[in-house]
Amino acid sequence: MSWFLMLLHGINIITLNYFIILNSTYLVMSVIAFFFLRRYTNQLRSFDMEELIRSAGAPPISLLVPAYNEETTCVESIRSLLTLKYSELEIIVVNDGSKDKTLERIKEEFELRTTSRAPTAFLKTKKVRGIYQSFRYPNMWVIDKENGGKADSLNVGINFCRTPLFCAIDADGLLERDALLRVVRPFLENQKTVAVGGIIRIVNDCEVKAGMVKNIRLPKNIWARFQVLEYLRAFLGGRVGWYAIRSTMIISGAFGLFKRSVVVDAGGYYTDTVGEDLELVVRLHHHCRKNRIPYDIAFIPDPIAWTECPETLKVLGVQRSRWQRGLAEALTLHLGMLFNPRYGRIGFFAFPHFFFLEMLGPLVEILGYMSFIVSLIMGALNTLFVIAFFMVAFVLGITLSIVAVALEEIAFPRYPRIRDLLHLFYLAVIEYFGYRQLNQYWRFKGMLSKLFRVKGWGKMERKGFSTKISAP
Amino acid sequence: MDRWRTLETYINYYLYDTTTQDCLLFGLILSTLFLLLLAFLFTLLTFATRFRNMRNDRLRRELVSRWNETLLDVLADVVPEEELHQKVRPKDHLYFVDFLLRHARMLRGEEYEVIKKLAKPYLPTVQKRLKFKDVEQRARAIQTLCELGLEDYEEDILRALKDPSPLVAMMAVRSLAACKKEKYARLILGELHRFDNWSTNYLVSMFASVGRDMIVSLRDILSNVNQPVHVRVVAAESLRELNDLHAGDIAANVIPENSNRDLQAACLRLLAQLGGVKHVEIVRSLAKSEDFVLRAQAVKALGTLGEKKDLDLMEEALRDESPWVAFQASLGLRDNGGIDRLRQFALSNHPSSVFARQVLEEGSQP
């Protein structure tokens, strides 16, 4: 056998094994998530959770809202934050040196006045240019700073945070009214909790009324629709599953609640990565395990943050490349955790999964596609075997998506129209023809940009929410 | 060379060995069929769930609208209770109890008693759920029985305090605490040690809600060296919430006796709110603690209890490396007659002068 043929077969075998392990993990996680969600929803139905939380001494929370060039959505987002159901809440908007009229719009809308506010921590950040407090809403503050990126803005927010918990969200996101009441629950039930993540859902083409998402429906744009399915898979299948085995590695930057003191002790957000949300969670594991701090990092599926997703392939591609680069940057920073017994199940299961399957996955998959094609052309593969293999791949992909839709329906159904439900099933089938390959290509590009040390976030275009009446 | 040969053997085995290939092919076909079945089952489950939920919602809406009208008439004493009972089919008993529970939470006095009376015939069905394996069902049953039938099911509820599940026990504690009755106070506090995972704030808020009937038991717990620290912290914070003036002396005794940071900080918070001049000395002793949490709490306490001579100590604390201590010192100076010193410090270039400026600014706001 020639060395080239051997190489091709080698790659094919690696791809096959990669595929089996990756998808088996997804399937196992989805099944675990299924049982977890059934129990969780029973628990929620069994007693009045809101009454339980509202009557308790819920700890004060600061909402940290980093804003960079968010003039189209910032006012609506802040308005919706002001209507959140939570007794002790401070909103700290950090304007990250926006080049558009973000600050002006907020100033005008919320009657800001210059004031002093002392920092409570001293994480290294870019220079703060001004601190403002709203005249109309005394619990709303705006910190204007030099541009330094999202992580830097969050660190500024943490420096000025005076409450025991802070919630990091995106300026273009919308939190459901009871999202904070729900997301704080693990902190009440378990003193060891240091961070909790909530679910992110896609708001494109839903009707937003007075800062609240009403009339929920699937986006009209096909790329946004695919993302709805992806988010369901990632959050209800993946993250719930990982949390069920107490191995949460990601809390989305769009919605996460953290214990301030632990984050400050761990050094705040790392500013030299685009995956600062993942990096922080990995570092919290690292910090707590290293210092023998008893801790729990939770993910719960009922608090919801809505976000606008990209609708063009160009922007979507940039976003996915950036996510992949962020993942690679965060994981390579903590490579010492890989198979390290000190980190328990994180070191042995979660970290290796993200490192080998999620981070290196696109490289393997793209190489595998190429190798398969070449092998087929050279007649080096059994055609029947190839067909059978792709059938499994295809059906498994569909199954994973269908399980995710089922999880949504069982646990927290949000799409009231049967038409939307049917459409999600349809998307689960057609996603495999092109979209998945595109995604792998973008992620592959992301890996390359990590290798070639590309920096920056890329541009995200926003069209704003489809708003009806905006007064709170 | 040997390595290459091994690899080649492996590849040949994997791809060209007929038996292996057949096995692989068979495995792949079997996997496809299994996955297809799984996909089909989950599709079925999705639609079954959707249609079941739609049907249940519709049925429940109908039931509620049917019951609501009659319930209002019963509450207004226009129709007898039997009329409502006649509208409850055996299979809807539990849902009817839920319906009454929702109303019970909004009503007081006579109307609440009517609701309880209406629920009475259905509560044995709820009681049966206390024997369920499912923790959530038991917790829910306890909550319902406590709100609608505490008198009749007191024994069951008290037994639930010892339930192996902390969730059920917590539900019993919460429900009994909500009754605000003296006789339950000591029983509830006796179970406090089981909830060391729950947030202190949560427990404090619950115990404080019971009211002053808890005070004697809480004092005993705080002064008892044999109680776990977590339990004593909750007791100290609850006494502070309840504004128990006698708790200051106990807290002052606890501080030198136990070096645990959380307990000392809780006692300092209590002293800051309820302490007197006789406690100043013990507070001063912690104002120079190595632990910034204790320093901050001590300076805060001095801000309310301190004398003129403490102004120097607070001014010194303005320069503390911990922002929390500096902030408390600024507040203390402002509230304790040291505003001139604070103003002077605010004009300085010291990094902590920003705290002084903030406190002065906040103080000048309407």
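Buried here means under 20% relative accessible area, exposed over 50%, and partly exposed in between (1.4 Å probe, protein chains only). This is a predicted model, in which local features need pLDDT of at least 70 and side-chain atom pairs count only at pLDDT 80 or more, while totals for chains, interfaces and linings use all residues. Residues are numbered from 1 along each chain as its sequence is written, chains are lettered from A and ligands numbered from 1 in the order in which they are written, and side-chain values use heavy atoms, with hydrogens and water left out.

**Stop 1: a pair inside helix 10 of chain A**

Select Arg283(A) and Glu279(A). Their side chains meet in a salt bridge, 2.8 Å from N to O; the term stands for a side-chain nitrogen of Lys or Arg within 4 Å of a carboxyl oxygen of Asp or Glu. Both lie in helix 10 (residues 276–290) of chain A, and because they are four residues apart, about one helical turn separates them. Helices (H or I, at least four residues) and strands (E, at least two) are DSSP runs, numbered from the N terminus. Arg283(A) is buried, at 13% relative accessible area, and Glu279(A) is buried at 2%.

**Stop 2: a pair inside helix 7 of chain B**

Next select Glu155(B) and Arg159(B), whose closest N and O atoms are 3.7 Å apart in a salt bridge. These two are also four residues apart, in helix 7 of chain B, so about one helical turn lies between them. Glu155(B) is exposed, with 62% relative accessibility, and Arg159(B) is exposed with 52%. Elsewhere in chain B, salt bridges with shared partners link Glu281(B), Arg284(B), Glu307(B), Lys309(B) and Asp310(B) into one network. Over all chains, the whole structure holds 54 salt bridges.

**Stop 3: between the chains**

Show both chains. In contact (heavy atoms within 4.5 Å) are 65 residues of chain A and 57 residues of chain B. The area buried between them is about 5400 Å², with 66% from carbon and sulfur atoms; this is the accessible area (1.4 Å probe) that two parts lose on being put together, summed over both.

How many salt bridges are there between chain A and chain B? The count is two. Then select Glu136(B) and Arg39(A), whose side chains meet at 3.7 Å, N to O. This pair crosses from helix 7 (residues 135–160) of chain B to helix 1 of chain A. Glu136(B) is buried at 2% relative accessibility, whereas Arg39(A) is partly exposed at 49%.

**Stop 4: the strands of chain A**

Move to strand 4 (residues 128–134) of chain A. Five of its seven residues are buried, so the strand is largely enclosed by the rest of the structure. Strands pair if DSSP finds at least two bridges between them. Strand 3 (residues 112–114) of chain A runs antiparallel to strand 4 of chain A, joined by three bridges. Here, Arg113(A) has Gln133(A) in strand 4 of chain A as its bridge partner.

Strand 5 (residues 140–145) of chain A is also antiparallel to strand 4 of chain A, with five bridges between the two. Select Val128(A) to find Lys145(A) of strand 5 of chain A opposite. Strands 4 and 5 of chain A form a hairpin, with five residues between them.
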